[in-house]
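Colleague: I would like to know what the labels on this model rest on. Please take them one at a time.

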Amino acid sequence: MFIFQTMKRIIYIGLVLNFCLSCKMLTGIRKSTQLSMNEIKTLATKNGIQENLYFVDSSFANSFLQMVPKNADKHSIKNHLQPIQAMYFDKEGHLISYFINCYATSTVFNLKWNDKKYFDTFPPLTQAPIDSLITLNQLTTLLKPVKTNVIIKPNEFTVIVFWNHMFYRYSKSLLKQIRRNVQNRTSVNLLFVNNDNYLAQEIK
């Protein structure tokens, strides 16, 4: 079991670093840094995030890998551990629409999240392949609230956005797109997950 988890982790790190290091040449990429809770709150405020704020830390990758099946596809694993993501779940907790940095169209200055009109509907058309590696209930056990006593209330849809300061420009553009898509919808839980501390551990 230990060997299996270690091999999966090596595969994952290689795939993620390949994306992250290749993007160092682009603008908007900042040094990976461990952040305090106050720093996460400050960054969240700058991004217009006032509530439903969570974070993941260095334990995230290991905890995730322990949840996925032994025969899980390595590319699906890679997808779930990318720096910038948006995941739409239905009320049963199934992933129904998925957006990931490595599937977005890249330009010198940003990533295009809606170049194929994914967000022209709600829920949006999926950009990345849908899989069943992890359910909403499983994923939320890995998220740590920045404020205590946060309760995720059941709703028709739940959207989880992974964002960070390291890939600030790309995160900001995705946040803007997601907000437009869920605007004025009362049947949506929108959760914001900062993953800077996770990235700081993995990308050195």
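Predicted model: local features only at pLDDT ≥ 70, side-chain atom pairs only at ≥ 80, totals over all residues.

Colleague: Why is Ile29 called buried?

Modeller: Buried means under 20% relative accessible area. Ile29 has 18%, so Ile29 is buried.

Colleague: Where is Ile29 found?

Modeller: Ile29 is in the loop between helix 1 (2-22) and helix 2 (37-46). Its C-alpha atom is separated by 7.5 Å from that of Arg169, although the two residues are 140 residues apart along the chain.

Colleague: What is the order of the strands in the open sheet?

Modeller: The order of the six strands is 3-2-7-8-1-6, and their pairing is mixed.

Colleague: What makes strand 3 (95-100) and strand 6 (144-145) edge strands?

Modeller: Each of them pairs on one side only.

Colleague: How do you know that strand 2 and strand 7 pair?

Modeller: Two strands pair if DSSP finds at least two bridges between them. Six bridges join strand 2 (residues 85-90) to strand 7 (residues 157-163), so they count as a pair. The two strands run antiparallel. Within strand 7, Val159 is the bridge partner of Tyr88.

Colleague: Which residues have the most contacts inside the largest nonpolar core?

Modeller: They are Phe64, Ile160 and Ile178, in a core of 61 residues. Strand 7 gives the most to this core, with six residues.

Colleague: Which residues is Ile160 in contact with, leaving aside its neighbours within four places in sequence?

Modeller: Among them are Ala86, Phe89, Leu136, Leu143 and Val193.

Definitions and conventions: Residues numbered from 1 in each chain as written. Heavy atoms only, no water. Helix = DSSP H or I, 4+ residues; strand = E, 2+ residues; numbered from the N terminus. Buried < 20%, exposed > 50% of the residue type's maximum accessible area, 1.4 Å probe, protein only. Core = buried A, V, L, I, M, F, W, Y, C linked by side-chain atoms within 4.5 Å. Contact = heavy atoms within 4.5 Å.
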